[in-house]
Amino acid sequence: MDAAMSSYAVSGLNISQSNTSKFRHKFSLRACELPCRSSLCSNANGRTFHNSHLDLPIQNRNLVGKTFCAAEAWIHPLSSTESHSHVEEEKVGVLLLNLGGPETLHDVQPFLYNLFADPDIIRLPRLFRFLQRPLAKLISTLRAPKSKEGYASIGGGSPLRKITDEQADALKLALEAKKVAANVYVAMRYWHPFTEEAIKQDKINKLVVLPLYPQYSISTTGSSVRVLQDLFREDKILSRLPVAIIQSWYQRGGYVKSMADLIEKELQNFASTEEVMIFFSAHGVPVTYVRDAGDPYKDQMEDCIYLIMQELKARGINNDHKLAYQSRVGPVQWLKPYTDEVLVDLGKQGVKSLLAVPVSFVSEHIETLEEIDMEYKELALESGIENWGRVPALGCTSTFITDLADAVIEAMPSASAMTTSTTDGSFNQDPVGYAIKMLLGSFLAFVVLLAFPAFKNQIV
Ligand SMILES: C=CC1=C(C)c2cc3[nH]c(cc4nc(cc5[nH]c(cc1n2)c(C)c5CCC(=O)O)C(CCC(=O)O)=C4C)c(C)c3C=C
Ligand SMILES: [Fe+2]
């Protein structure tokens, strides 16, 4: 787990002025040794300095770890209007990382291309990396019609950008209520605003990176952090910006309680509350991520479910529960059990009432609105389940946003300057070689698809 995370350390950073704070108050910046109370975070050198402490009760689980904070004074040159008055103030930036989604049907194929071109999504052996982009082009083109249908059925695009912007605004207000002036920025991995768009000139002197994924996966938080790392690497000045990265936060008491609140509320809609099966449905990842690459996602997901169920038990709610994984893509094996198969089995076993709980994401998105609310609901009803309910995503629930604000504040003392890493600059270094690889790769990708039609069927 640590190996997987430490290889996704971040470098230096500079941020865009998308949102200016009204409250600029002064902090004295100094080297300090303070406890970092985020559940699992690393400083900018990518060191994970504490873990989930699974044996602690919920209310104590956040109070772990220590790190050394080496915050520095202003790194960026000040503009002429600001240069005299604000030299010593602390200006915190919070960077929310999220996946992004197509805003129109026209965006679907290029969005899918960006996703499949990510080497953390399709993990090819080094020798075959030159196939990445041609394969991405091919798979995105083949999958786009099906994806478009899905996005069309939820209104013609993903709601992710709007919801994430709302969460950013709510987080800024929650931080202000706690007397912390911060600019909150949004960086999407596969659609606008891309990380590159978020990372522009702004005058912050400390950054907290907060992925909006409760559990860490190489394919989500890991991938977004790697992109940041590549962006910071180039800039010597920015690489000195103190940065703290919150790697995962599913074990925070505030998150667990907010999830339990939603479940408790939704259970009230059933006639016989005790008979309802609480059915957690998490986005899957290919098995190889966990087995071979050390992705902690499965362990963290199971721990997360355990914590939510413990919280419900403490409230006298003792319903049965089940965890399954949804949204698999492609011909490889994904984490099991699969949501669709479990729903059929539960129906056969005589389960009559089921409450679906999306658990790997904190916004509504295509996989809640289309896959769960439409596909899985229909399958469940066909399989004999009579009463269906679904817990909404956390969105801007105030207890949840307040807890995220606490996570940011607790992570701030651990911010430290970054180290650098290498990146794949193949195009810039050798455009001719790059073009040859693209051509050869496209040809090979077509051959693979012609030779293995079953592969194509798995993608679309
Ligand atoms: C924790 C959440 C997520 C993990 C882990 C994850 C891994 C992962 N996803 C794909 C392929 C696709 N994901 C798609 C959409 C999508 N994925 C997540 C979250 C996780 N993905 C979200 C929230 C969304 C929806 C975004 C939106 O627009 O609302 C899609 C596109 C939709 C579709 O065509 O089904 C694909 C494809 C892989 C391969 C993967 C792990 C390797
Ligand atoms: Fe996904």
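# Exercises on a strand, a sheet and a ligand shell

Valine 92 stands opposite lysine 206 in β6. This is a predicted model, in which local features need pLDDT of at least 70, side-chain atom pairs count only at pLDDT 80 or more, and totals for chains, interfaces and linings use all residues. Residues are numbered from 1 along each chain as its sequence is written, while chains are lettered from A and ligands numbered from 1 in the order in which they are written.

**Exercise 1.** Find which strands β6 pairs with, and state whether its residues are buried or exposed.

*Solution.* 
1. Strands are DSSP runs of E with at least two residues, helices are runs of H or I with at least four, and both are numbered from the N terminus. Two strands pair if DSSP finds at least two bridges between them.
2. β4 (residues 92–98) runs parallel to β6 and is joined to it by six bridges.
3. On β7 (residues 243–248), also parallel to β6, there are three bridges; there isoleucine 245 is the bridge partner of valine 209.

**Exercise 2.** Work out the strand order of the open sheet of four strands, and why one side of β9 is left without a neighbour.

*Solution.* 
1. The order is β9-β8-β10-β11, with parallel pairing.
2. β9 (321–326) and β11 (387–390) are at the edges and have a single partner strand each, so one side of each has no neighbour in the sheet.
3. From one strand to the next the twist averages 25°.
4. The partner of β9 is β8 (residues 277–283), through six bridges in the parallel sense; one of these pairs is phenylalanine 280 with leucine 323 in β9.

**Exercise 3.** Describe the shell around ligand 1 by its residues, its helices and its place between domains.

*Solution.* 
1. The shell holds 22 residues, a residue being near if its C-beta atom, placed from the backbone, lies within 6 Å of the molecule.
2. Gly101, Ser147, Ser158, Ser360 and His365 come nearest.
3. At least two shell residues come from each of α2 (108–116), α3 (132–153), α6 (218–233) and α11 (366–382).
4. Domain 1 (105–157 + 425–459) and domain 2 (253–390) both contribute residues, so ligand 1 lies between them; the bounds come from an automatic or database domain assignment.

Definitions and conventions: Axes are lines fitted to C-alpha atoms, for helices over the stretch in contact, and angles run from 0 to 180 degrees between N-to-C directions.
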